[in-house]
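Here are my notes on this model. Please read them with the structure open.

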Amino acid sequence: MQVALDLAREAEACGEVPVGAIVVVAGEIVGRGYNQPILSRDPTAHAEIVALRDAARTLSNYRLPGATLYVTVEPCVMCAGAIFHARVARLVYGAREYKTGAHGSVLDLFTEPRLNHHCQIAGGVLAGESAALLSGFFELRRAQRTVSRA
């Protein structure tokens, strides 16, 4: 998770919402990503999607059986769908996402029995550090807007 937090800091340095993700298979990082929808002009370029794409290229397979995805924030619906389609075995995330979270914060796709794939989930890992990155980012954004209006 520490590597994912470092990637989140990279996103922040680029002006993106600070979310980072890695994909690990057999103890090795095979995919890395951080939020970059603004930089890439791609609304799907969330950290999870970028990391899953990187892992798929590394492993030459769009399925990632046995993979663990570490992400600093609870995935949204789009990212949950990508996790299902990639057949990720385990999801580990940091902070809850009370506006778009798909693991219980807004809705819970991960326990939906009609879906054909489920993964093990551990939430709240380094949640304080993940949440602090996000709240600091948005506090700075609000302060900048206040200054620019004055």
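1. This is a predicted model. I start with the lining of the second largest pocket, which by class has seven nonpolar, one polar and two charged residues. The pocket has a volume of about 150 Å³. Elements that give two or more residues to its lining are α3 (47-59) and α4 (77-86). α3 supplies the largest share, four residues. Among the lining residues are Ile-49, Leu-52, Tyr-62, Ala-82 and His-85.

2. The largest pocket holds about 640 Å³ of space. Its lining counts 23 residues, and Val-17, Glu-97, Thr-100, Leu-134 and Phe-138 lie nearest the centre. By class, this lining has 12 nonpolar, four polar and seven charged residues.

3. Which element gives the most to the lining of the largest pocket? That is α5, with five residues. Both α2 (37-40) and α5 supply at least two residues each.

4. Ser-135 lies in α5, a helix of residues 127-149. Its relative accessible area is 35%, so Ser-135 is partly exposed. The Ser-135 side chain reaches the backbone oxygen of Ala-132 at 3.3 Å. Ala-67 is 68 residues from Ser-135 in sequence and 29 Å away in space, C-alpha to C-alpha.

5. His-117 sits in the loop between β4 (90-95) and β5 (120-122). Buried or exposed? His-117 is buried, because its relative accessible area is 12%, and the cut-off for buried is under 20%.

6. The side chain of His-117 reaches the backbone oxygen of Val-88 at 2.8 Å. Leaving aside neighbours within four places in sequence, His-117 is in contact with Ile-83, Phe-84, Arg-87 and Val-88.

How values were computed. Residues are numbered from 1 along each chain as its sequence is written. This is a predicted model: local features need pLDDT of at least 70, side-chain atom pairs count only at pLDDT 80 or more; totals for chains, interfaces and linings use all residues. Side-chain values use heavy atoms; hydrogens and water are left out. Buried means under 20% relative accessible area, exposed over 50%, partly exposed in between (1.4 Å probe, protein chains only). A polar contact is a pair of N or O atoms within 3.5 Å; within protein, one must be able to donate a hydrogen and the other to accept it, and residues adjacent in sequence count only if both atoms are side-chain atoms. Contact means heavy atoms within 4.5 Å. On a 1 Å grid over the protein atoms alone, a cavity is a set of points where a 1.4 Å probe fits but cannot get out, and a pocket is an open set with protein on both sides within 12 Å along at least five of seven lines; lining residues have an atom within 4 Å of a point. Grid points are joined across faces, edges and corners, and a volume is the space filled by probe spheres set on the points. Ala, Val, Leu, Ile, Met, Phe, Trp, Tyr, Cys and Pro count as nonpolar, Asp, Glu, Lys and Arg as charged, and the others, Gly among them, as polar.
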